[in-house]
Amino acid sequence: MEFPVQTVNPVRVETDCLLVPVFKNSELLPGAAKLDDASERLISQLIERGDFNPTLGNVQLVPFAPGLNTDRLLLVGLGAKDTFQESAFRSAVDAGLKALTQLSIDAAAVTFTDVPVGDRDCGWKARMVAEATHRALYRFNDFKSEPAPTPRLESVTLLISESDSAEATKAGAATGDAIGAGANLTRTLGNLPGNICTPRYLAGKAEELAASSDGRLIADILDEEALETLGAHSLLSVGHGSDEPSRLIVMKYQGADDPDEAPHVLVGKGITFDSGGISLKPGEGMDEMKFDMCGAASVFGTVSAVLALKPKINLVAIVASAENMPSGHATKPGDIIKTLKGLSVEVLNTDAEGRLVLCDALTYAERFNPASVVDIATLTGAVIIALGHHATGLMSNNDDLALNLQEAGETSWDRVWQLPLWDEYQEQLSSNFADIANIGGRPAGTVTAGCFLSRFTESYPWAHLDIAGTAWHSGKQKGASGRPVSLLTQYLLDREADRQGENTNT
Ligand code: BES
Ligand code: MN
Ligand code: ZN
């Protein structure tokens, strides 16, 4: 996908379709006003006659544009100006780009940077347009005999005014381009069914990413024998009921000049299907448990964005992958297992398996002397009750790290909300027979899952992202969302910026 940037009067732009955002009951924006003047008030007249109602997300194709150099106009409603903010901007951009990808055109231009969105600059708006373009272009057709036609769109030109910085716009578009492509990789991995996307398949993806990285990414795969030797019995216990062997996948990216600079570590939950195991889930909606590897998928998507953006930081990405199935070999409620850290765990519910694979991966992360560790997991249904489908749940043992993730969430508009990890909650995990139980009862199920992980992360700054509510959509639009690739990539870009700040200060 191409995102050229042009400082030019939109009246003169030659393109297949020009996308024009319009507020409801408000003056036309500068770009739209110029177009209106040059076309005998085409846009104003459409609004006045009631042929276009600029409510948020409403689109109207104008197939001819007399007086203008573009072949078509696509008007996009922004809704009311006084309540307009980031979420509305994103909805409008999504609606506009979706409509563009449905046209038989190769190139479009957009005047989105003149839409005022709080104090967001043209770079941020360009990034949102690039991310939205990838979202709109995404198709998951591989299993349909008659796939929907692939969109033709190849280029979206970002039109800016004299007062906008072309450099910032280009940089924003490049960031959004990398994140959008990464998020689509995440979506595809998430959407792939459990009979294809297995722990071995994910390991193969890591090797593929490494092979196409010109040596910038190294992949290490630990198979069951290696995990047994290591002592990762908790991770292994989850896959015991499955015929699919488990894997611990490690990807290393060195972007800092110093290979020994402390890396940031991402750890993804990669349960390629979660039946619940012996604590079997109810049948309804169980297909959605193929999405239980979306944490892992977001790690892959972020690694792919990092390979494109080349930040000067070191990154280690770890994916803990297993299939959770019932069988005669499966772990049973009441079983006691020994974790890689040495703590014993009483498995009171085999459906609380995410924490069992993550705890060993988090212990494994210690060996990298990390600057920070962030795990990403579809860990609890309870986070959907607490936060719904808009905010990712955040828990952390370090206030600076929590703040960094909150800020990255605001910047990327891929937001998080923090929940407490108070000591009082830890008591819910006590076990009569082992060091710790794997469930803490119904109250605060998201927090007690975080508390379980916190027992394994005492030696470094750590944060946990529960993405069970944000990683995929249910219902008619069923499919992986690509979240939180934008958040994670932003978090890593911010760490690079921190470093550069430190270097110039000294
Ligand atoms: N993968 C699920 C979490 C989940 C459930 C995500 C529903 C999205 C929708 C996780 O492994 C799980 O089963 N968690 C249990 C924990 C419980 C047994 C303590 C849950 O949330 O019910
Ligand atoms: Mn489960
Ligand atoms: Zn699960």
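Good morning. Please keep in mind throughout that this is a predicted model.

I shall begin with the zinc ion, ligand 3.

Asp274 bridges the zinc ion (ligand 3) and the manganese ion (ligand 2), and the two ions lie 3.2 Å apart. Asp274 belongs to strand β9, residues 264-274, while Asp292 sits in the loop between β9 and α9 (294-309); the pair therefore ties together parts that are 18 residues apart in sequence. Are these two aspartates buried or exposed? Asp274 is buried, with a relative accessible area of 3%, and Asp292 is likewise buried, at 1%.

I turn now to the spaces in the model, starting with the open one. The largest pocket has a volume of about 1,500 Å³. It is lined by 41 residues, and those closest to its centre are Asp94, Arg135, Arg187, His473 and Ser481. Which elements contribute at least two residues each to this lining? They are the helices α3, α4 and α5 (166-191), together with β18 (472-473) and β19. By class, the lining of the largest pocket divides into ten nonpolar, 18 polar and 13 charged residues.

The largest cavity contains about 70 Å³ of space. There are 13 residues in its lining, with Ser237, Val238, Asn324, Thr331 and Thr350 the closest to its centre. This lining has six nonpolar, six polar and one charged residues.

Next come the aromatic side chains. The count of aromatic pairs comes to eight. One of them joins Phe89 and Trp124: the ring centres are 5.7 Å apart and the planes stand at 35°, so the pair is tilted. The reasoning rests on the limits for the angle, since planes under 30 degrees apart count as stacked and those over 60 as edge-to-face. This pair links distant parts of the chain, with Phe89 in helix α3 (residues 86-101) and Trp124 in helix α4 (residues 122-137), 35 residues apart. Phe89 and Trp124 are both buried. Together with Phe112, they form one aromatic cluster. I would also recall that α3 and α4 are among the elements that supply the lining of the largest pocket.

A further pair is formed by Phe452 and Phe456. Their ring centres lie 5.4 Å apart with the planes at 35°, so this pair too is tilted. Phe452 has a relative accessible area of 0% and is buried, and Phe456, also at 0%, counts as buried.

Phe452 leads us to helix α14. Why may α14 be called largely enclosed by the rest of the structure? The term applies because ten of its ten residues are buried. Among them are Gly445, Cys451, Phe452 and Ser454.

I close with the backbone. Most residues other than glycine have a negative phi, and most peptide bonds are trans.

Ala444 has a positive phi of about 55°, although it is not a glycine. This residue lies in the loop between β16 (436-437) and α14 (445-454). At 32% relative accessibility, Ala444 counts as partly exposed, because that class falls between the 20% limit for buried and the 50% limit for exposed.

Finally, the peptide bond joining Arg483 and Pro484 is cis, with omega about 0°. Pro484 is located in the loop between β19 (479-480) and α15 (485-505).

Thank you for your attention.

Definitions and conventions: Residues are numbered from 1 along each chain as its sequence is written. Chains are lettered from A and ligands numbered from 1 in the order in which they are written. This is a predicted model: local features need pLDDT of at least 70, side-chain atom pairs count only at pLDDT 80 or more; totals for chains, interfaces and linings use all residues. Side-chain values use heavy atoms; hydrogens and water are left out. Donors are N, O and S atoms within 2.8 Å of the metal (3.2 Å for Na, K and Ca); water is not among the atoms, so sites may look incomplete. Helices (H or I, at least four residues) and strands (E, at least two) are DSSP runs, numbered from the N terminus. Buried means under 20% relative accessible area, exposed over 50%, partly exposed in between (1.4 Å probe, protein chains only). On a 1 Å grid over the protein atoms alone, a cavity is a set of points where a 1.4 Å probe fits but cannot get out, and a pocket is an open set with protein on both sides within 12 Å along at least five of seven lines; lining residues have an atom within 4 Å of a point. Grid points are joined across faces, edges and corners, and a volume is the space filled by probe spheres set on the points. Ala, Val, Leu, Ile, Met, Phe, Trp, Tyr, Cys and Pro count as nonpolar, Asp, Glu, Lys and Arg as charged, and the others, Gly among them, as polar. Rings of Phe, Tyr and Trp (its six-membered ring) pair if their centres lie within 6.5 Å; planes under 30 degrees apart count as stacked, over 60 as edge-to-face and the rest as tilted.
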